[in-house]
Amino acid sequence: MPPPHSTQPPSPLPPRPRLLQSLGSCSRRAVTSAASSPSPSPPGWPRPLRYAVLGAGFAGLSVAWHLLKQSPKDSRVSVDVYDENGVGGGASGVSGGLLHPYSPKAKLLWRGGEFWKESMDLLRSAEKANDTAGSDRDDESLIWRRGILRPPTTEKAADILLENAQSCLQSCSLQVLDSDAAQRLIPGLHVPLNLAVYMPLALNINPRKYLQALFSACQNVANEASTSSSEQKEFNLYNEHIDNLHQFSGDYDAVIICLGGKASSLPELTNKLPLRTCRGVIAEFQLPSDTVEKYGSQSPSILSDAWLAFQGPCTVSVGSTWQWKSDNHDPSVSDEEARTATEELLPKASAVYPGISKWDYVRARAGIRAMPPLTANGSLPLLGCLNDVIGERSNCAFWLVGGLGARGLLYHGLAGKLTAKAVISSDENMIPSEFTCWKAIKASR
């Protein structure tokens, strides 16, 4: 039995729901669970609403959180999360972690303010759970609040950045700096065009630690329901492989698929989702212990042709490569793949931060992004009900949260909230049509 993916010891295991018996062998057990009342409901109570969330990454845990939080008062709700790799074991757990609502050209993304707000709300909930657990360590912070600096390397990029910087969110402002001001923030920074755009409120997130904290927050919601005499909530994690969707259809009111690049590998969804896969490799470096000059404790991370996400004065992640049409979901990286990645990334990083040459390579990690098609509003997540797509006719509704691409941290809050509302109300119209129009486009091909 794998260890529980939680910052807290698992709660006592509740009795297995009767309907779960048909899902697999009797060896299936919740790795981690939280329940307000696992005992049978009193007479007169409505039957529980049972939801399965496939995937424990950004999208999956956002959906789970919102299902637990938005469920009607005086209701019984059970949310079961399935992920064979546990919490943050997929591509979400190896993402870069830089969070802001802008394109690489500093243009505010479509509904960028709403995406930003919902992500910040989830981050606050995760931070609260993390603080309650007392699990933060100085060498493993959940969030680094030092901002992000974007120095352009071409005249064209500089002109575009300067124009786009005129319109920004107050909650995540943009500041145009000259080279002197930029180098005061980051000593040793190369600013080739005497211009840099600074996002002082942008964040650098530890993805795996954040997901662990958000999982704990979901547990806390279920546990807090035990103080109410009018509602019951259960939350379980199952570490197991998902072969197909039909194994869930008789046991849940709704199944929400949040599997990223693996969604298309399900037999019911093969060749039915307009997603492209892209494998990305991130290289980690550390400053040698005998180096006198450390990276500034308050200096921001750097966004350029490669991004540099600094986790303290001596640790940095550099990314990312883009290997399109890859079907390699293995998070481990071979020596050859790591060498190829560093040969690609280091020159890009050195162009804006030459000091990276003094840092030692430590390791590399990788993940598969599920990239959505480009629309008039940009590359947006794919949301909506899948019953017509897969031809399923049952009492169980299947839903998709996919195609978050390289913006999982930004998109997951709003995508999860909209989907949870639609699932609870059984009404896809709760989701703006810009996120569901992919089905019409796919059907017309």
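User: Let's start with Ala306: is it buried or exposed?
Analyst: Ala306 counts as buried, at 0% relative accessibility. Buried means under 20% relative accessible area, exposed over 50%, and partly exposed in between, with a 1.4 Å probe and protein chains only. Before we go on, this is a predicted model, where local features need pLDDT of at least 70 and side-chain atom pairs count only at pLDDT 80 or more, while totals for chains, interfaces and linings use all residues. Residues are numbered from 1 along each chain as its sequence is written, and side-chain values use heavy atoms, with hydrogens and water left out.

User: Thanks! Where does Ala306 lie, and what does it touch?
Analyst: Ala306 lies in the loop between strand 13 (301-303) and strand 14 (307-310). Not counting residues up to four places away in sequence, Ala306 touches Val318, Gly319, Leu345, Lys348 and Ala349; contact means heavy atoms within 4.5 Å. The C-alpha atoms of Ala306 and Val318 are separated by 6.8 Å, and the two are 12 residues apart along the chain.

User: Lys348 is on that list. Which residue does Lys348 form a salt bridge with?
Analyst: Lys348 pairs with Glu344, and their closest N and O atoms are 3.5 Å apart. A salt bridge is a side-chain nitrogen of Lys or Arg within 4 Å of a carboxyl oxygen of Asp or Glu. Both residues lie in helix 6, four residues apart, about one turn of the helix. Lys348 is partly exposed, with a relative accessible area of 31%, and Glu344 is partly exposed at 32%.

User: How many salt bridges does the count come to?
Analyst: The count comes to 13 salt bridges. One of them joins Arg279 and Glu337, with the closest N and O atoms 2.8 Å apart. Arg279 lies in strand 12 and Glu337 in helix 6 (residues 335-350), so this pair ties together parts that are 58 residues apart in sequence. Arg279 is buried, with a relative accessible area of 0%, and Glu337 is buried too, at 19%.

User: Now the big picture. How many helices and strands are there in the protein chain?
Analyst: The protein chain comes to 10 helices and 21 strands. Helices (H or I, at least four residues) and strands (E, at least two) are DSSP runs, numbered from the N terminus.

User: And what share of the residues is buried?
Analyst: Buried residues make up 56% of the 445 residues in the protein chain. Among contacts with a separation of 6 or more, residues 24 or more positions apart account for 80%.
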